[in-house]
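I opened the model today to look at how its chains meet.

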Amino acid sequence: MTHPDCDVLIVGAGIAGAILARRLADAGQQVVVLEAGEATGRTWADYQSNIATMLASPAKVPNAGWTNSPAAPSPSVLDIRPLTPGGPPGTAGYFVQEGPQPFGSDYQRSRGGTTLHWYGHCIRMLPSDFAMRSTYGVGVDWPLTYDELAPWYAEAEREIGVAADVEDQVRTGLTFPPGYVYPMHKIPPTHLDRWMTERLDGTPVRIGQDTYTTGVVPVPGGRNSTPNPAYDGGRGYQPVGAVGRPTSGLRCEGNSSCIPGCPAQAKYNALKTLEAAVAAGARVITQAVASKVLVGADHQVSGVEYLRWTGDTFPTAVQHTITARRYVLAAHSVENAKLLLMSGAANTSDQVGRNLMDHPFLLSWARTDEPLGTFRGPGTTAGIETLRDGPYRAQHSSFRTDIDNWGFQILGSPGSDVADAVFGDQLFGTALRDRVAHDVQRQLMLGFLLEQLPDPDNRVTIRPHAYSDALGLPRPVIHYDLDAYTRQGAAVARECAVQWFEELGADDLTAYAGPDRPMAAHQQFLWNDRPYCTLGAGHLCGTHRMGHDPDHHVVDPDQRSWDHRNLFVVGAGSMPTIGTSNPTLTLAALACRTAAAMADELS
Amino acid sequence: MSHSDPFEDFLSVSAALTGFSVAQLQGTGMARGYFDELVAIVGDELTIALTREGRRALRWPDDVEEQLRLRVMDDPDLGPLARNLVLLWYTGGWVQLPADWRERNGASSLDGDRLLSARSWTEALMWPAIGAHPTGAKAPGFASWTGPPWVGGQP
């Protein structure tokens with residue numbers, strides 16, 4: 001056997017790939033990372049040029065400011081179009097949307113991956129989230145329990161640098177070992193958080209015939225706050241600043257721009273972990289799109305082909321092959337599935353690309369009679385977190401609820417308020433200024449993240465001859481729908497919002513139907529004759545799910561391919577169910593766990 | 001006869017239209033750029049007509065609002081310009097003028113929906129108006145969000 005080019009080849013320089021690269025390089029392994037996209041944010045100046053582009057972008061959508069190369073295209077929420085039942089697929093942008101519902105989420109293909117524009121929520125999944133089938137008779141069970149993953153959650157919280165306080169989080173149903181503290185104290189609550197806590201925390205809310213308690217709870221954030229001196233047995237925690245400018249971003253500065261991007265890098269991004277990986281000897285090759293996983297006669301992966309590309313408008317590429325002792329796909333849920341389907345690999349279970357899940361994101365909005373301090377601080381610092389689990393999960397989705405510090409930003413505020421006042425009400429001068437201040441200060445937005453069950457028909461496929469990108473590689477074809485479980489969950493979430501607005505004395509403005517709705521192109525559906533609309537949350541999961549049975553699962557609990565034992569497929573795609581937690585912390589915990597298993601085996 | 005500088009008039013009229021002072025507008029660093037942008041999109045003649053009629057309205061300090069409405073806002077040609085100028089100051093963006101306006105006065109290729117620049121976003125008056133900083137810039141500092149709202153307390 002010839003000597004391989006490296007010990008570990010990792011496809012994808014996002015958070016999962018970065019964590020594996022760092023830990024395996026620290027363990028003395030020779031690591032090479034292939035990144036399809038560009039070398040975003042390698043220096044402070046590079047990063048600031050992206051921030052400048054973001055500020056100049058008319059629509060501050062998640063991908064605003066970040067590179068979108070024809071050779072490694074990223075999906076954009078601006079490309080979502082309404083689909084006609086029985087009509088042709090939507091082909092605007094990178095995704096091919098087969099429907100029946102358009103898939104509403106994006107991700108970012110460049111160095112740092114989607115953590116360049118993630119929200120920063122670092123919420124552990126609940127113990128019951130790992131056992132949906134045995135607890136509620138829906139979905140599937142994980143091959144891991146909460147207790148098995150808990151130490152790896154702690155590792156991920158260290159890697160990301162999570163700000164939270166244990167006494168808050170136990171209110172959501174989580175358990176922690178005695179004495180555990182997060183690296184940093186929670187982000188100080190916003191004025192709105194306190195306003196909501198005073199008025200809503202502990203109040204009853206009805207779901208069906210049952211009464212539950214509304215709990216307003218701080219959200220753990222991957223953003224720098226005040227270090228907790230009790231962390232790590234009293235050793236404390238040193239916040240990690242910006243890449244290339246380590247004195248920046250040591251505390252959240254309140255840029256109110258977690259999405260599309262944190263100008264200070266006070267919010268974690270994978271560039272920080274990559275920098276540590278490179279310092280430990282890992283090599284990152286950018287503009288290198290993996291195009292085929294090669295499998296030998298012994299069912300082991302024998303190499304990865306990739307296209308090293310140059311050129312912005314009409315890219316050209318040269319094909320290379322790289323070999324390693326172990327291979328890791330960490331390219332994101334959709335790209336991992338796409339690459340395996342392109343390669344005809346790891347799919348004995350026929351589950352590659354299936355069970356695509358997101359958190360359908362239902363908004364409810366109202367006008368309060370007091371100013372709330374909108375548009376200050378991180379997007380969400382507290383949520384209503386006590387309805388994430390309950391017996392209703394046998395019938396419909398549970399959900400967690402973001403309390404939005406940025407008013408109706410997602411509907412276009414404050415620019416849309418100005419336009420309405422100027423063109424609609426013909427206001428100018430101090431009357432205009434007072435109106436805008438009055439209205440925007442009273443905007444209360446709740447965002448419900450609805451649990452979605454794994455459905456084999458919600459899936460990523462490829463049709464290479466029909467749909468390809470500038471390098472001739474297939475574009476993801478997505479078939480997606482919302483089932484009765486989720487639609488009923490949306491209805492229940494909406495009823496909770498109505499009750500909470502009533503309790504707060506807020507004027508409910510929510511309207512899902514109508515041509516003036518900014519989300520008119522997104523997932524619209526009727527349920528019990530009422531219209532609803534959900535957006536994507538960017539939480540793509542499930543496309544290479546883990547489990548104990550090679551006939552039904554793509555990877556084992558170590559995220560190792562059942563078909564090819566020297567191949568690992570990592571990320572949120574391994575998650576058998578999505579729960580209600582934003583998935584980055586969970587995929588990071590899984591990556592830490594896999595890195596340890598690989599390091600043990602390789603050393 | 002007093003000689004009047006259209007840019008000085010532009011500042012005074014902009015202040016009256018936006019509810020901010022001339023000093024605040026100058027403080028954004030955007031005034032000259034917006035004036036030049038207006039000239040580029042709609043030409044000298046209409047720009048000067050707007051500043052001239054605005055200056056005339058400002059001669060009645062007790063009745064500025066009504067005078068502005070009569071002379072500028074209700075005028076079929078100057079009204080749309082003034083509203084676009086207010087939107088530009090408040091949001092940093094230009095929106096295409098109404099179709100009938102474009103038919104009467106000509107349609108510039110610059111007259112399209114756009115955000116002018118990163119600076120026009122960070123200097124947009126909507127941010128101080130709502131008691132906030134521009135999203136993505138001028139960060140007010142750690143824990144600045146914990147206190148009561150900075151504006152909007154009036155019923």
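My entries cover the interface, then the sheet.

**Interface**

I am working from a predicted model. I looked up the contact between the two chains first. Chain B puts in 51 residues and chain A puts in 50 residues. I then checked the buried area, which comes to about 3,800 Å². Carbon and sulfur atoms give 68% of that area. On the chain B side, B:I130, B:F142 and B:W145 lose the most area to chain A. Together these three make up 21% of what that side buries.

Next I asked how many salt bridges cross between chain B and chain A. The rule finds 0. For polar contact, I noted 14 residue pairs across the interface, both residues at pLDDT 80 or more.

I listed the elements of chain B that give two or more residues to the side touching chain A. They are α1 (6-18), α4 (64-73), α5 (78-91), α7 (118-122) and α8 (126-130). The largest share, 6 residues, comes from α5(B). I sorted this side of chain B by class and got 29 nonpolar, 18 polar and 4 charged residues.

**Sheet**

I moved on to chain A, where 3 strands form an open sheet in the order β8-β9-β10. The pairing is antiparallel. The edge strands are β8 (288-295) and β10 (316-322), and each pairs on one side only. I noted an average twist of 20 degrees from one strand to the next.

I followed one pairing further. β8(A) and β9 (residues 301-310) of chain A are joined over 7 bridges. Which residue in β9(A) is the bridge partner of A:A288? I found A:R308 there.

How values were computed. Residues are numbered from 1 along each chain as its sequence is written. Chains are lettered from A and ligands numbered from 1 in the order in which they are written. This is a predicted model: local features need pLDDT of at least 70, side-chain atom pairs count only at pLDDT 80 or more; totals for chains, interfaces and linings use all residues. Side-chain values use heavy atoms; hydrogens and water are left out. Contact means heavy atoms within 4.5 Å. Buried area is the accessible area (1.4 Å probe) that two parts lose on being put together, summed over both. A salt bridge is a side-chain nitrogen of Lys or Arg within 4 Å of a carboxyl oxygen of Asp or Glu. A polar contact is a pair of N or O atoms within 3.5 Å; within protein, one must be able to donate a hydrogen and the other to accept it, and residues adjacent in sequence count only if both atoms are side-chain atoms. Helices (H or I, at least four residues) and strands (E, at least two) are DSSP runs, numbered from the N terminus. Ala, Val, Leu, Ile, Met, Phe, Trp, Tyr, Cys and Pro count as nonpolar, Asp, Glu, Lys and Arg as charged, and the others, Gly among them, as polar. Two strands pair if DSSP finds at least two bridges between them. Axes are lines fitted to C-alpha atoms, for helices over the stretch in contact, and angles run from 0 to 180 degrees between N-to-C directions.
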